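Welcome! Take a look at the sequence and the model first, then read on.

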Amino acid sequence: VQLQAFGGGLVQPGGSLRLSCAASGNIFSIVGMGWYRQAPGKQRELVARIISGGITNYADSVKGRFTISRDNAKNTVYLQMNNLKPEDTAVYYCNADIRTITDSQLRAYWGQGTLVTVSS
């Protein structure tokens, strides 16, 4: 199983970016998908998560600005980030809880990370 993230970059404060992350490989089912971020010198933190049925949860710091969505047919999760702030600068990692065709255990998989820099 591989998770590949796209969409990071440099944006000015108040701007927008859309991240995407596609899961591929020997997938039987995906229970939840989400985005985490890690800023320099800080621990990795949850940004947003979406589980089966479309239930979402967000970090308080991004509520009202970020929206997570999921395309089940494409095994892809998106993060629309609006009104970005300098404190949103971090490496963003996608995550998915997946059962594979050959392994019934639910396991967490991580993407490679994509850098988001918010600066004027």
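A residue is called buried when its relative accessible area is under 20%. Cysteine 94, with a relative accessible area of 0%, is therefore buried. Please keep in mind that this is a predicted model.

**Overall build**

**Surface, interior and charge**

- Buried residues account for 38% of the 120 residues in the protein chain.
- The accessible surface of the protein chain is about 6,400 Å², and carbon and sulfur atoms hold 48% of that surface.
- The protein chain carries 12 positive and 7 negative side chains, and the centres of these two sets are 2 Å apart.

**The disulfide**

- How many disulfides does a search of the whole structure find? The search finds one disulfide.
- The disulfide is formed by cysteine 21 and cysteine 94, whose sulfur atoms lie 2.1 Å apart.
- This pair links distant parts of the chain, since cysteine 21 sits in strand β3 (residues 17–24) and cysteine 94 in strand β9 (residues 90–100), 73 residues apart.
- The link of cysteine 21 and cysteine 94 is right-handed, with 50° about the S-S bond.
- Is cysteine 21 buried or exposed? Cysteine 21 has a relative accessible area of 0%, so it is buried, and cysteine 94 is buried with a value of 0%.

**A closer look at valine 47**

- Valine 47 belongs to strand β5 (residues 45–51).
- With 1% relative accessibility, valine 47 counts as buried.
- Which residues does valine 47 touch, not counting residues up to four places away in sequence? They are Trp35, Tyr36, Arg37, Asn57, Tyr58, Ala59, Val62, Phe66, Leu79 and Tyr92.
- From C-alpha to C-alpha, valine 47 and serine 61 are 8.3 Å apart in space, while in sequence they are 14 residues apart.

Definitions and conventions
Residues numbered from 1 in each chain as written. Predicted model: local features only at pLDDT ≥ 70, side-chain atom pairs only at ≥ 80, totals over all residues. Heavy atoms only, no water. Buried < 20%, exposed > 50% of the residue type's maximum accessible area, 1.4 Å probe, protein only. Areas by Shrake-Rupley, 256 points an atom, 1.4 Å probe, with all protein chains shown as cover. Lys, Arg positive; Asp, Glu negative; His and termini not counted. Charge placed at Lys NZ, Arg CZ, Asp CG, Glu CD. Disulfide = S-S within 2.5 Å. Helix = DSSP H or I, 4+ residues; strand = E, 2+ residues; numbered from the N terminus. Contact = heavy atoms within 4.5 Å.
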